[in-house]
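Hi there,

Here is the structure I promised to hand over to you. Have a look at it first, and then read on for what I found in it.

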Amino acid sequence: MPHKPPPDADARRAIAPVICYPTDRLPQPDLALYRRARRRAQRTAEVEVPPRDGRCFTVPAGHFFRISAPDGPQVGDLNLWHLHDLSERFYSGKTRALHGTHLSTGDRMWSSFPALRPTATIIEDTLDWYGIDEHGGAVHDVIGTRCDPYTGNLLSGSQYHHCCHSNLTRALADHAGMALSQAEPHVHDVLNVFMCTGFTRDSGRYFMKASPVRPGDFIEFFAEIDLLGALSACPGGDCSAEHSSDAAACFPLLVEIFAPPPGALEGWQSPPVNGYDRSHGR
Ligand SMILES: [Zn+2]
């Protein structure tokens, strides 16, 4: 039985919200500098991620990477690690708390404790026009975790092997020469590139809908530290209907790396790890 509202229920609900982390106090990226460097950058590598599969790529600090879906609407699940220390990895939850449920230009992908520093900064997003739609949906979320075979098994008893979690696990294992059991614990909650998601207004349930991404669209990042990335082309395709199966139409994703000319980032430094002294009151 639900409880009866107290007499002052409406007054309690009417209290105005307070933004938890005012981002105007965050160190701001110099987007103008990044963009000037990007305009003169040369493409140095590309990695194609096949449908329902994953691939790794590396990006030196100060270089750029672009993700696109050149052949058709496709969602990607992105993991990032410090190239030289896999224990420092993208922290989806803190990034969400700092920037909101969905990321776009100027937002940063923050790393786990104790480093808590920007790993990558979004410098361009051709889907920035989308905003928040009438259902509460928006693009590039940090609210979903990644599709995985365990939840599929929980819900339907399935044994499906090409969820993003498994694709990322295989990609890291192949890249790093690890056993699957060694690679799997490094896989973490993702940035859902191109995915359109939100929470229903009436019940707060997580929803997805067809991604608005089309050939020609891309999202581009500046690597703040030396990065190892892994990207999965989700078996959900554009995520208009279902994932964790082979039912959806799927397309490859393309990752391209660009190097700026020497001197183009004059004044920029790779960010240091967080300044907290880690004594935790002792
Ligand atoms: Zn997926």
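**What I found**

Of the 282 residues in the chain, 41% are buried. Please keep in mind that this is a predicted model.

Let's start with the overall picture. The chain has 6 helices and 13 strands. Its radius of gyration is 20 Å, close to the 19 Å that the globule rule gives for 282 residues, so the chain is as compact as a globular protein of that length. Taken along the principal axes, the C-alpha atoms fill a box of roughly 65 × 45 × 45 Å. If you take the contacts between residues at least 6 apart in sequence, 73% of them join residues at least 24 apart.

Next, the sheet. In general, strands of a sheet pair through backbone hydrogen bonds, either parallel or antiparallel. Here you can find an open sheet of 6 strands with antiparallel pairing, in the order β1-β13-β3-β11-β7-β6. Which are the edge strands? They are β1 (42-49) and β6 (108-110), and each of them pairs on one side only. From one strand to the next, the twist averages 25°.

Strand β3 (residues 64-68) pairs with strand β13 (residues 253-259) in the antiparallel sense over 5 bridges, and the bridge partner of Ile67 in β13 is Val255. Strand β3 also pairs with β11 in the antiparallel sense, over 5 bridges, with Phe64 standing opposite Phe222 in β11. Strands β7 and β11 run antiparallel and are joined by 5 bridges; look for Ile122 opposite Phe221 in β11.

Why is β11 described as largely enclosed by the rest of the structure? The reason is that 5 of its 6 residues are buried. Helix α2 (residues 31-39) lies across β3, β7 (118-125), β11 (218-223) and β13. This helix α2 runs at about 70° to β7.

Now for the nonpolar core. The largest one has 61 residues, and the members that touch the most others are Leu172, Leu191, Val193, Ala223, Leu253 and Val255.

In helix α3 (residues 92-99), the residues Ser92, Thr95 and His99 are buried. Seen down the axis of α3, its buried residues fall within an arc of 60°, so they line one face of the helix. Strand β6 is included in what covers the buried residues of α3. Just after α3 comes Gly100, which takes a positive phi of about 110°.

The other helix is α5 (residues 164-176), where you will find Ala171. Is Ala171 buried or exposed? Ala171 counts as buried because it has 24 C-beta neighbours inside 10 Å, and the cut-off for a buried residue is 20 or more. Apart from its neighbours within four places in sequence, Ala171 is in contact with Gly54, Arg55, Cys56 and Ala230. Asn153 is 18 residues from Ala171 along the chain, and the C-alpha atoms of the two are separated by 22 Å.

Enjoy exploring, and do write back with your questions!

Best wishes

Methods:
Residues are numbered from 1 along each chain as its sequence is written. This is a predicted model: local features need pLDDT of at least 70, side-chain atom pairs count only at pLDDT 80 or more; totals for chains, interfaces and linings use all residues. A nonpolar core is a set of buried Ala, Val, Leu, Ile, Met, Phe, Trp, Tyr and Cys residues joined through C-beta atoms within 7 Å. A residue is buried if 20 or more other C-beta atoms lie within 10 Å of its own, exposed if 12 or fewer, and partly exposed in between; C-beta atoms are placed from the backbone. Two strands pair if DSSP finds at least two bridges between them. Helices (H or I, at least four residues) and strands (E, at least two) are DSSP runs, numbered from the N terminus. Axes are lines fitted to C-alpha atoms, for helices over the stretch in contact, and angles run from 0 to 180 degrees between N-to-C directions. Two residues are in contact if their C-beta atoms, placed from the backbone, lie within 7 Å. The arc is that of the directions from the helix axis to the C-beta atoms. The radius of gyration is taken over C-alpha atoms; the globule rule is 2.2 Å times the number of residues to the power 0.38.
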